[in-house]
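The following exercises are to be worked through with the sequence and the structure in view. Each task is followed by a solution in steps.

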Amino acid sequence: MFSRSSRIPSWLIKKDSIMDKWFEEKSSQVSPSSVLAFGITLSSRYGHVDELIEMMEFAKLCAVKKVENYVKSVFYNSKSGQCSFELDPSVQQGDSVAEILYGVALETIGYFDWFDSVEYGKPMQGVFSKAWLASWQSKCFAGVDDLADSKTTNKGVLAWTH
């Protein structure tokens, strides 16, 4: 039942294992893919666990900073990897509540839309963010032989550090 070298059950090692399906683009990792946290509806298009974790951290920090009532919903589009927010109509770009919410988003959400502008927040630490980044890089740079020798220096290449 166990592989001698890895102590992993042999059924986990099979290439056609059900676990291979968990990380496909449209595979649902969490059900339900929509939850209510701190009064904010959080939804992930394909039910990806890392997206829901980021959104839950966002909702929690909003509650800590007492601005959760200004956020109606948060939606993570798993296909594009981008998060968007439905805010209360009273929130206007540049006002004090918007600035607090923007700071919370920067702390908790990796990639999001903010008043029609694309923003990059702190990448989520841990296994899932590394897996997502590896997947993203392989899709973005498919067919590129060697980025180190590329003459595009700083054009079209995103450096991700943490």
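**Exercise 1.** Determine whether K122 is buried, partly exposed or exposed.

*Solution.* Step 1: in this predicted model, the relative accessibility of K122 is 47%.

**Exercise 2.** Identify the residue whose side chain meets that of K122 in a salt bridge, and state which parts of the chain the pair ties together.

*Solution.* Step 1: the partner is E107, with a distance of 3.3 Å from N to O. Step 2: a salt bridge requires the side-chain nitrogen to be within 4 Å of the carboxyl oxygen, and the pair E107 and K122 meets this condition. Step 4: E107 has a relative accessible area of 44% and is partly exposed. Step 5: the structure holds 1 salt bridge.

**Exercise 3.** Classify G121 as buried or exposed, and list the residues that G121 touches, leaving out those up to four places away in sequence.

*Solution.* Step 1: G121 is placed in the loop between strand 6 and helix 5. Step 2: its relative accessible area is 13%, and the limit for a buried residue is under 20%, so G121 is buried. Step 3: with residues up to four places away in sequence not counted, G121 touches L106, I109, G110 and F112. Step 4: between the C-alpha atoms of G121 and Y111 there are 6.0 Å, although these residues stand 10 residues apart along the chain.

**Exercise 4.** Describe how helix 3 and helix 4 pack, and name the residues that make the contact.

*Solution.* Step 1: two packed helices are described by the angle and the distance between their axes. Step 2: for helix 3 (residues 49-64) and helix 4 (residues 96-108), the angle is about 145 degrees and the axes are 9 Å apart. Step 3: the crossing is right-handed. Step 4: helix 3 contributes E54, E57, F58, L61 and C62 to the contact, and helix 4 contributes L101, V104, A105, E107 and T108. Step 5: these residues divide into 6 nonpolar, 1 polar and 3 charged.

**Exercise 5.** State how many bridges join strand 3 to strand 4.

*Solution.* Step 1: strand 3 (residues 71-77) and strand 4 (residues 82-87) run antiparallel and are joined by 6 bridges. Step 2: V74 has F85 of strand 4 as its bridge partner. Step 3: the two strands form a hairpin with 4 residues between them, and G81 in the turn has a positive phi of about 75 degrees.

Key. Residues are numbered from 1 along each chain as its sequence is written. This is a predicted model: local features need pLDDT of at least 70, side-chain atom pairs count only at pLDDT 80 or more; totals for chains, interfaces and linings use all residues. Side-chain values use heavy atoms; hydrogens and water are left out. Axes are lines fitted to C-alpha atoms, for helices over the stretch in contact, and angles run from 0 to 180 degrees between N-to-C directions. A crossing is left-handed if the near helix is turned anticlockwise from the far one by less than a right angle, and right-handed if clockwise. Contact means heavy atoms within 4.5 Å. Ala, Val, Leu, Ile, Met, Phe, Trp, Tyr, Cys and Pro count as nonpolar, Asp, Glu, Lys and Arg as charged, and the others, Gly among them, as polar. Two strands pair if DSSP finds at least two bridges between them. Buried means under 20% relative accessible area, exposed over 50%, partly exposed in between (1.4 Å probe, protein chains only).
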